[in-house]
Structures are given as C-alpha cells and as structure tokens.
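Here is a chain to look at together, with a few labels that deserve a second look.

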Amino acid sequence: MSQTTASSTVSEILASLGIAAENPGAFDGSWIATQGPEILSINPATGEELARVRSAQAADYERCAAAAQAAFEPWREWTAPARGEIVRQLGDELRRHKEALGSLVSLEMGKLLSEGLGEVQEMIDMCDLAVGMSRQLFGKSMHSERPQHRMYEQWHPLGPVGIITAFNFPVAVWAWNAALAAICGDSMIWKPSEKTPLCALAVTKIAQRVLEANDAPPIFALAIGDRNQVGKPMAADPRMRLISATGSVRMGKAVGRVVAERLGYSLLELGGNNGIVVMDDADLDLALRAVLFAAVGTAGQRCTTTRRLFLHKAIAAEMKQKLLEAYQSVRIGDPLDAETLMGPLVDGGAVEDMMKALERAVGEGGKILYGGRVIEGPGFFVEPTLVEATSHMPITCEETFAPLLYLFEFDDLDEAIELHNSVPQGLSSAIFTLSMRSAERFLTASGSDCGIANVNIGTSGAEIGGAFGGEKETGGGREAGSDSWKLYMRRQTCTLNWGEELPLAQGVEFDV
Ligand code: UN1
C-alpha cells in the first residue's frame, strides 16, 4: 500500500471513507450481514487488492426491496423542497469528501485523479441542479372545453427505482439517478458494478449520514451482487417501478425485456460507437486536442469515447501525421500521477477484449497505424491504438471499451454522415468545421442520428445540464438535466368541475 496521491496513502483514503479490509455488501437503512461470495476490489494500476466485499444474495436483495417500498411511503409525503434539502446536504457531504472519493474512484477504476475528482464534481453539480428542480416539478394547466372546468397535469412520486450502474463512472451515474429520484419522491436500490464495489460503499456511507442526520426514511439502498442474485430479481420486481440501467447493449436488452414483460418503465443508457467528422475547413489543432481527449481519455472507457474518426480526404494525411505524433507523446502510467495522460484498463478481461477486437480488425483488412500492444508489467496497461479502417469492417460496428480508434476517409459531408450513421448505436457525435453550413447540416434531421451532437467539441465530457442518452441500440433513455426528471415521476391529468352542470366532452348528450 505504498501508492500515494498528493497527500494521502491508500489506507488513509479508504479509512476516511469508512472502508474496512472486509465489508458487507448491502444496505437497507442498516448494513446487512451479507453472506454471498467475496468480491475482491483490485487496483487496475497495480493488480493489488484494495479491500473485499461480501456480495449480496437474493434474500439480501429482497430485504432491500422491502425496505425501499417501506421508505417510499413516508418519503412521497415529504414536500419536494424538503426532499431537495436532503439532496442539498448530500451535495455538501460530497464536497467535504471530494478529495478522498475522487482518489478512490481513481484507485478502484483506474481513471486519472483529475477525472476521479471531476466525477465527484459531477455528483455535486447534479445535487445542485436537483435542489433547484425540487421547486420546479412543473405541471401544465390546459383550457378545458367544458365550462367551469379546470384541467391540469401534475407529477407524483413514481415508486422505488432500481439503479444499475457500470464500472466506468462508478459514482457519477448513481448521482444522475439518485439526485433526481430523491427530489421526485422515490426510494431506490443501487446495483453497482462488481468491479467498483468500494466506490458504491463509500457513496452509500456518505448518503447514510445525511439520511440519519435528518431522520429521513432510508431511500438510498445498496445491493452489491451479481446478475443472478441481484440484477434479475430487481428487473423482474414489480415494486421497482423504474429500472434505470447503464451498461452494455447485451445487458440492456436483457433488462429491458424483463421490465417490459411486467410493463414497468426502463431507462436505458447503453453502448455508444461515437464518431467525429473532421471537414477540410476544420481547425485541425482544435480537432486534434478534442480527438485525443475523447479517444484516449479514460483509456477509451467512456460510453461517449470517440471510436470512429472520419477525415475529409483533403486533410486526412495531415491529420493522421498529427495524430501519430500526439499518440506517441501520450504518457501512460499511474493514474494518480499528475503527469499521466492515460491510465490502465479496468481489468485483464478488458485487455483481452481489446486484443481480440484488434485481431479481428486486422483480419478484416484494418491496418494498425500506431500502438496495438499490451504493456508488460503489473496492472492492465495497453497502448492507445489507431487503426486505418473501411466501412466494410464489421468490427467497426461494435463497441470495444478500450482506446481503439478507427480512422476512415470521405469525400464530402453527405458521405461522412452516411458512414457516421451506419452503426447500430447512437449516443454521441461531433463535427469539426468552420463552415456554418456544414455545422448546421450535421445538426439537421437527416444529419447525425445520435442523442448528442456537437460542433467543434469532442464526443465525451457532456455537462449535466442537458439530457444525456442516445438512440437506436443505445437504448433511448435520458438522464441528468433538462426534463429527465419526468421519467422518475408519474403523470396525472386532473379535471375539476366547479360548476353546477355536468357537460360532457366532445358534445356528447346523455340526459336521463
Ligand atoms: C458514461 O460513460 O457512461 O459525457 C457516461 C461524458 C460523461 C458521462 C459519460 N459526462 O463523457
């Protein structure tokens, strides 16, 4: 345990977040003595064990679900601004623990410390946004066609929510969901990735303190366990009115089917295969910096990572040369070291997946321009990789969660848009151009088919103020800002007659 951040050792970080060497894996208002198999939390930069968690089993999930149902009943009676006050305090607790929690994210997931801290900042921002929203859960009022009638829409708490999150944003994506669910009057159970259990424990301990200090119902439950013991019972549970799931397309299809079968709501944020189009009139230095952050940042493990780069033929050679030089200078290493630009992949499986994808890419006619190798030594490090590709390579239609960028060339914008939209996923997209016409064309109905479309900005690093999510196999869900809160509430249309007559709509007569 000699690895250090600027100011603390690993054991100090864990201790300050209340994490022991061995930890229970479920919380329903109190910590449950779970008996499932042990999950080892591994530091991907060193391969060393950080701590252990006893996973939750189906019976532990059941305790959490019963508690979430019980907590929902009083919680929905709290006024929305009073619920907002709890979320405000959660934001404050997160501010107090930002350094430690951000360091833990880096330690357990492997992203750079500044990204780990950024993730906690994203949680704080989400809390701030939700506090404001707690006074703005607006319904509409309509003019009734019937005299002396008033008609309006209101939003009520929905019920317990199941939140499934992935390893790559081990804390922020919980906050996107939890802050909104909480102000909307919902309780929730969190099933985090088994690759990042300590992050989930630390967050839940922070939330627990806020609940207890306010005598609030235990709305933030946690069940760390596998698909069979937690995921499946949660998806099938009619008490969980909404399942919000972030992860692979395969997982989302499985969850979505089970939730649809019982006519529950699902909010799916699944794989991306994000592309950047670089036009011949682009500011190439800007494009280069953006591509580098979006393709190499977080070691290619964001759902918004740029995986496909479309270069206009007139600038393709120049841009490739710039990319080659930039890729050569990427400093790979300990994510806690301020000099590092790219940390490890999350585990050995991720390294294998990248190597398999590369083998397929080469087999399908791709040419490795740079990188492509595993870096020997402790930890799960790989080289950031550039592959010259064609649209006929099936592998380029798949999401590989690694710093693997496919390069394509095109003659004109229509061709670029067609290539760009030719994959099953539809999360994030971008164009680099200084032409207003090209930029606007990319944003039209026949332009990018993604949930997110940017101009002169990369595909990753979205702010929380907008609704976040994508189309096609990305699942169609929207999280975080704008009106995403509506997915966590149920809508009620109310018509109120204050007159002495009973007129019927559509002019129907029905007199006795
Ligand atoms: C994800 O990878 O699941 O836009 C979310 C971004 C981040 C969120 C990524 N704000 O890259």
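What follows is a run of questions and answers about how some features got their labels.

Q: How do you know which numbering and which parts of the model these labels rest on?
A: Residues are numbered from 1 along each chain as its sequence is written, and side-chain values use heavy atoms, with hydrogens and water left out. The model is predicted, and local features need pLDDT of at least 70, side-chain atom pairs count only at pLDDT 80 or more, while totals for chains, interfaces and linings use all residues.

Q: Why is the pair of tryptophan 155 and tryptophan 485 called edge-to-face?
A: Their centres are 5.4 Å apart and their planes are at 70°. The distance is within 6.5 Å and the angle is over 60, so the label is edge-to-face.

Q: What makes this pair a tie between parts of the chain?
A: Tryptophan 155 belongs to strand β7 (residues 149-157), whereas tryptophan 485 is in the loop between β23 (479-480) and β24 (489-497), so the pair links parts 330 residues apart in sequence. Helices (H or I, at least four residues) and strands (E, at least two) are DSSP runs, numbered from the N terminus.

Q: Are tryptophan 155 and tryptophan 485 buried or exposed, and how do you know?
A: Buried means under 20% relative accessible area, exposed over 50%, and partly exposed in between (1.4 Å probe, protein chains only). Tryptophan 155 has 12% and tryptophan 485 has 6%, so they count as buried.

Q: Why are β6 and β24 called edges of their sheet?
A: The open sheet has three strands in the order β6-β7-β24, with antiparallel pairing. β6 (141-142) and β24 each have a single partner strand, so one side of each has no neighbour in the sheet.

Q: What makes β6 and β7 a pair?
A: Two strands pair if DSSP finds at least two bridges between them. β6 and β7 have two bridges, in the antiparallel sense, so they pass. Serine 141 stands opposite tyrosine 152 in β7.

Q: What makes the link between serine 448 and serine 429 a polar contact?
A: A polar contact is a pair of N or O atoms within 3.5 Å; within protein, one must be able to donate a hydrogen and the other to accept it, and residues adjacent in sequence count only if both atoms are side-chain atoms. The two side chains make such a contact at 2.7 Å. The serine 448 side chain also reaches the backbone nitrogen of cysteine 450 at 3.2 Å. Serine 448 lies in the loop between α14 (436-442) and β20 (452-455), and at 11% relative accessible area it is buried.

Q: Why is leucine 263 called exposed, but serine 482 partly exposed?
A: Leucine 263 has 73% relative accessibility, which is over 50%, so it counts as exposed. Serine 482 has 45%, which falls in between, so it is partly exposed. Phi is near 60° for leucine 263 and near 55° for serine 482.

Terms used: Phe/Tyr/Trp six-rings, centres within 6.5 Å; stacked < 30°, edge-to-face > 60°.
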